[in-house]
Amino acid sequence: MAIEIKRINGERCVYQGGRLIANIYDNRRRIGQGNITDNWGVAWITGRYDEHDTYAEARDNALKGLR
């Protein structure tokens, strides 16, 4: 089944075959003089939460689908 990421109301929702399987969250924060820490997360409907340094890593993980 095809996996796609849709932006809905500002959230990145991951669908597989029309069923929501995960959300990708942007947890980056500004520190001190404007430095941004890299922290992206994939929250799976199974309860698992995977952290990643970049959006590209989080997206690639989400596109693998439920395992």
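Over the face of which residue does K6 lie, and at what distance from the ring centre? K6 lies over the face of Y15, 5.0 Å from the ring centre; a charge counts as over a ring if NZ of Lys or CZ of Arg is within 6 Å of the ring centre and within 35 degrees of the ring normal. The legends below describe a predicted model, in which local features need pLDDT of at least 70, side-chain atom pairs count only at pLDDT 80 or more, and totals for chains, interfaces and linings use all residues. Residues are numbered from 1 along each chain as its sequence is written, and side-chain values use heavy atoms, with hydrogens and water left out.

**Figure 1. Overview of the protein.** The protein contains one helix and seven strands. Helices (H or I, at least four residues) and strands (E, at least two) are DSSP runs, numbered from the N terminus. In sequence order the pattern is β-β-β-β-β-β-β-α. The protein has 67 residues, of which 30% count as buried. Buried means under 20% relative accessible area, exposed over 50%, and partly exposed in between (1.4 Å probe, protein chains only). Among contacts with a separation of 6 or more, 19% come from residues 24 or more positions apart; contact means heavy atoms within 4.5 Å.

Figure 2. An open sheet has the strand order β1-β2-β3-β6-β7, with antiparallel pairing. Two strands pair if DSSP finds at least two bridges between them. β1 (3-8) and β7 (49-52) are the edge strands, each pairing on one side only. Neighbouring strands of this sheet are turned by 25° against each other on average, direction ignored. Helix α1 (residues 55-63) packs on the sheet and touches β1, β2 (11-16), β3, β6 and β7. The direction of α1 makes about 20° with that of β6. For these angles, axes are lines fitted to C-alpha atoms, for helices over the stretch in contact, and angles run from 0 to 180 degrees between N-to-C directions.

**Figure 3. The hairpin of β1 and β2.** β1 and β2 run antiparallel and are joined by six bridges. I3 has Q16 in β2 as its bridge partner. Two residues lie between the strands of this hairpin, and N9 takes a positive phi near 50°. N9 lies in the loop between β1 and β2 and is exposed, with a relative accessible area of 81%. Most residues other than glycine have a negative phi.

**Figure 4. Strand β2 and its pairing with β3.** Five of the six residues of β2 are buried, so this strand is largely enclosed by the rest of the structure. β2 and β3 run antiparallel, joined by five bridges. Y15 stands opposite L20 in β3, and Q16 stands opposite R19 in β3. The two strands form a hairpin with two residues between them, and G17 in the turn has a positive phi of about 60°.

**Figure 5. Surroundings of E11.** E11 is found in strand β2. E11 is partly exposed, with a relative accessible area of 36%. Not counting residues up to four places away in sequence, E11 touches K6, N23 and Y25. The C-alpha atoms of E11 and D26 are separated by 9.1 Å, and these residues are 15 apart along the chain.

**Figure 6. The pairing of β3 with β6.** β3 (residues 19-26) and β6 (residues 40-44) pair in the antiparallel sense over five bridges. I24 has V42 in β6 as its bridge partner. D26 stands opposite W40 in β6.

**Figure 7. Surroundings of D50.** D50 is found in strand β7 and counts as buried, at 17% relative accessibility. The D50 side chain makes polar contacts with the side chain of R48 (3.2 Å) and with the side chain of N61 (3.0 Å). A polar contact is a pair of N or O atoms within 3.5 Å; within protein, one must be able to donate a hydrogen and the other to accept it, and residues adjacent in sequence count only if both atoms are side-chain atoms. Leaving aside neighbours within four places in sequence, D50 is in contact with W40, G41, V42, W44 and N61.

**Figure 8. A charge over the ring of Y55.** R12 lies over the face of Y55, at 5.1 Å from the ring centre.
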